[in-house]
Amino acid sequence: MPSYSLICKNILIMLDPKVEKILIEQMAKEAASSALYLSMHSWLEMKGLEGCSTFMFAQAEEERTHMLKLMKYINDSGGHAIIPGVKQPKHSFKNVKEVFQLVLESEMDISSSIHNLVDVCTKLKDYTTLHFLQWYVAEQHEEEKLSRTILDKIEIIGLEGNGLYLFDKEMGSMQVQTEMKSQDAAGAGAA
Ligand code: OFO
């Protein structure tokens, strides 16, 4: 039975139950990804890697905002965004390289579920949700690219000897650049 809600006066928005269900599943994935990145942040911080841990904390926060964005869309579209429970994430890692390999795997997994959502909405001709999902398609492209760039840096710098120190420093400056980029984007949006 589809859920309906009266958004304002005579405007009725309906979300297909199938779309509502997979959007809620996507919320669970974003929440799990946020928890995994927070767990990585904690491990990196415990190892004294300030640049990497700060970077990972920001990534955890980003994933949480991705979940909240889905929640808002579902509720604004006449659905009910049920908040997912989250399994305890992996908390111990072999080394820094493993952390960033797992980040790439997680991002690839999220990209494929976003693409699946796009497929379902295309078949159902749900053009509004398709439009909403375009932001996630672009975001995943960026995040996969970023993860691959970080793994390339690990290959180039190496993690032996001073390598780990240099890589951590590099991750710290990458975080500053990411923050500046999002401030620019926010400024452009406000203009
Ligand atoms: Fe990068 O996972 Fe969210 O969308």
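Over which residues does pLDDT stay under 50, and how many contacts beyond four places in sequence does the model have for them? The stretch is residues 5-10, and the model has four such contacts for it. Here pLDDT is the predictor's confidence in each residue, from 0 to 100, and two residues are in contact if their C-beta atoms, placed from the backbone, lie within 7 Å. The structure is a predicted model, in which local features need pLDDT of at least 70 and side-chain atom pairs count only at pLDDT 80 or more, whereas totals for chains, interfaces and linings use all residues. Residue numbers start from 1 along each chain as its sequence is written. For the protein, the mean pLDDT is 90, with 85% of the residues reaching 70 or more.

The protein contains five helices and two strands, where helices (H or I, at least four residues) and strands (E, at least two) are DSSP runs numbered from the N terminus. Along the sequence, these elements follow the pattern β-β-α-α-α-α-α. Of the 191 residues in the protein, 28% are buried; a residue is classed as buried if 20 or more other C-beta atoms lie within 10 Å of its own, as exposed if 12 or fewer do, and as partly exposed in between, with C-beta atoms placed from the backbone. Among contacts in the protein with a separation of 6 or more, 71% are accounted for by residues 24 or more positions apart.

Helix H1 (residues 17-46) has 30 residues and should span 44 Å at 1.5 Å a residue, which agrees with the 44 Å between its end C-alpha atoms. Gly48, which follows H1, has a positive phi, near 80°. After H2 comes Gly78, with a positive phi near 90°.

Helix packing was described next. Two packed helices are described by the angle between their axes and the distance between the axes. Axes are lines fitted to C-alpha atoms, for helices over the stretch in contact, and angles run from 0 to 180 degrees between N-to-C directions. H1 and H2 pack with their axes 8 Å apart, at an angle of about 165°. The two helices H1 and H2 are therefore roughly antiparallel, a term applied to angles over 145 degrees. H1 passes H2 in a left-handed crossing, that is, one in which the near helix is turned anticlockwise from the far one by less than a right angle.

H1 also packs against H3: their axes come within 11 Å and cross at roughly 170°, so H1 and H3 are roughly antiparallel to each other. On the H1 side, the residues that meet H3 include Val19, Ile22, Leu36 and Leu44. Their partners in H3 include Val99, Ile110, Leu117 and Cys121. For H3 and H4, the axes lie 9 Å apart at an angle of about 160°, and these helices are therefore roughly antiparallel as well. The crossing of H3 past H4 is left-handed.

Cys121 is found in helix H3 and counts as buried, with 22 C-beta neighbours inside 10 Å. Leaving aside neighbours within four places in sequence, Cys121 is in contact with Val19, Asp126, Thr129, Leu130 and Leu133. The C-alpha atoms of Cys121 and Leu133, twelve residues apart along the chain, are separated by 9.4 Å.

Lys125 is found in the loop between helix H3 (96-123) and helix H4 (127-157). Its phi is near 55°, a positive value in a residue other than glycine, and Lys125 counts as exposed because it has 8 C-beta neighbours inside 10 Å. Thr128 lies in helix H4 and is partly exposed, with 13 other C-beta atoms within 10 Å. Thr128 and Ser77 are 51 residues apart in sequence, and their C-alpha atoms are 9.5 Å apart in space.

In helix H5 (residues 163-190) is Gln175, which counts as buried with 20 C-beta neighbours inside 10 Å. Beyond its neighbours within four places in sequence, Gln175 is in contact with Gly51, Thr54, Phe55 and Ala58. A distance of 9.7 Å separates the C-alpha atoms of Gln175 and Gln59, which are 116 residues apart along the chain.

Technical notes:
Expected span 1.5 Å × (residues − 1). Parallel < 35°, antiparallel > 145°, perpendicular 65-115°, else oblique.
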